[in-house]
Amino acid sequence: MLKEASTTKHRKVAVAAFLASTFEWYDYFIFGTAAALVLGDVFFPVASPVAGVLAAFATFAVGFVVRPIGAAIAGHMGDRYGRKPTLVLALIAMGAATTGIGLTPSYAAIGIAAPVILVLLRLLQGIAVGAQWGGAMLLATEYAPPGKRGLYGSFVQVGVVVGVVLANMSFAVLQKSDAFAAWMWRIPFLVGPLVLLLAWFIHARIAETPEFRGAERSPVREVLKHHRGKVLLAGGSFAVHLATFYILITGSLDYTTRELGMDRGSVLVVAMIVAGAQIVTIPLAARLSDKVGRFRVYTIGVVGLLVWAFPMFLLIDTAAIPALIVAQLVGATFLSCIYGPQAALFAELFAPQVRYTGASLAYQIASVLGGGLAPFLMVLLLESTGTSMAVSGYIAVLALIALACVARLRVAER
């Protein structure tokens, strides 16, 4: 009976962490999809389409710049006051920001105030998601049964991919309407209040994690003083994943439709197919890491991205849907090898009393170095060089940096 009750509790916590990740990242990703499709025209009306896209992607990147701030604030709160209340606050902030974006008037309606409001709300989104990941990840991994920390941590990572699927699905349906550019693009943002219901559920029904209850408390300055090197190495190992991920789900959406002339709806469907495959491959990679080791599976993913970076864009440049599917599907499989074990790996790098802060800062530093700037840099590289091989080179350089960081981490953990 006790074992059954314990199993039920584990599953309830895992589902809560999965849903928190799904809702939070759906809210975050719809901005990236909207930036590639419509936000440039709505909030940054300029003569050049490229300039409009760059402005929209710059606003997209702003959300990444402040993610380490969210991680630092939430890490301090999460390590001192608890994983659960910090996660609840992050969900509330994200729901409010996302709803606000959906309600913000256009540049044509209120002028310069429109992009200013948009940037401020994107900043709040960035702080919220910077705070959320560590809470959801620790909720899952610190409640995980023995020998299954990788698998349980992957539920949070799968939630990220489900968020991508839902975001692309909503725009794939709505973009077919003639009213899409006028107002229908706002609909995906107006589901923000659902996040508040989830926040209430976690607050009312989920207990604090057992490892937090037994840990000493430590402020952020202790992490930065004693674990700074490990935080930077972990962030450096993960930047290639985030850069490639956002190049595939956001940068490629703009590139394939604006530069290659591919059908927008078809490209969105491909994105959903690839994300759907990751719902399977991420847990598989995580479970494999429980058996053969986190670093081994993680390294396979990094080496795979290094090797695949150039063939991937050669296939994309054919502007053929089957080639696009193969390019993104293989790339996403290597991403899964990194992302599957990443939650458990980052959790295990730090002691419980500094785990929220250390793991969150590592993730969010990587998001600035690799994630937020990637679509923006992709457009700049394409415009300045005229070839997608420059984007492949960018991915390859980050992969080499990741390999060096992983090697240092492995030595430090022995």
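User: Which helix gives the most to the lining of the second largest cavity, and with how many residues?

Analyst: This is a predicted model in which local features need pLDDT of at least 70 and side-chain atom pairs count only at pLDDT 80 or more, while totals for chains, interfaces and linings use all residues. Residues are numbered from 1 along each chain as its sequence is written, and side-chain values use heavy atoms, with hydrogens and water left out. H11 gives the most, with four residues; helices here are DSSP runs (H or I, at least four residues) numbered from the N terminus.

User: What makes a residue count as part of the lining of the second largest cavity?

Analyst: A cavity is a set of points, on a 1 Å grid over the protein atoms alone, where a 1.4 Å probe fits but cannot get out, and a lining residue has an atom within 4 Å of a point. Asn168, Leu248, Ser252 and Gln328 are among the residues that line the second largest cavity, so they meet that definition.

User: How do you know the volume of the largest cavity?

Analyst: A volume is the space filled by probe spheres set on the grid points, which are joined across faces, edges and corners; for the largest cavity this comes to about 100 Å³.

User: Why is the lining of the largest cavity said to have no charged residues?

Analyst: Asp, Glu, Lys and Arg count as charged, Ala, Val, Leu, Ile, Met, Phe, Trp, Tyr, Cys and Pro as nonpolar, and the others, Gly among them, as polar. The lining includes Phe245, Gln278 and Gln328, and by class it divides into nine nonpolar, two polar and no charged residues.

Key: On a 1 Å grid over the protein atoms alone, a cavity is a set of points where a 1.4 Å probe fits but cannot get out, and a pocket is an open set with protein on both sides within 12 Å along at least five of seven lines; lining residues have an atom within 4 Å of a point. Helices (H or I, at least four residues) and strands (E, at least two) are DSSP runs, numbered from the N terminus.
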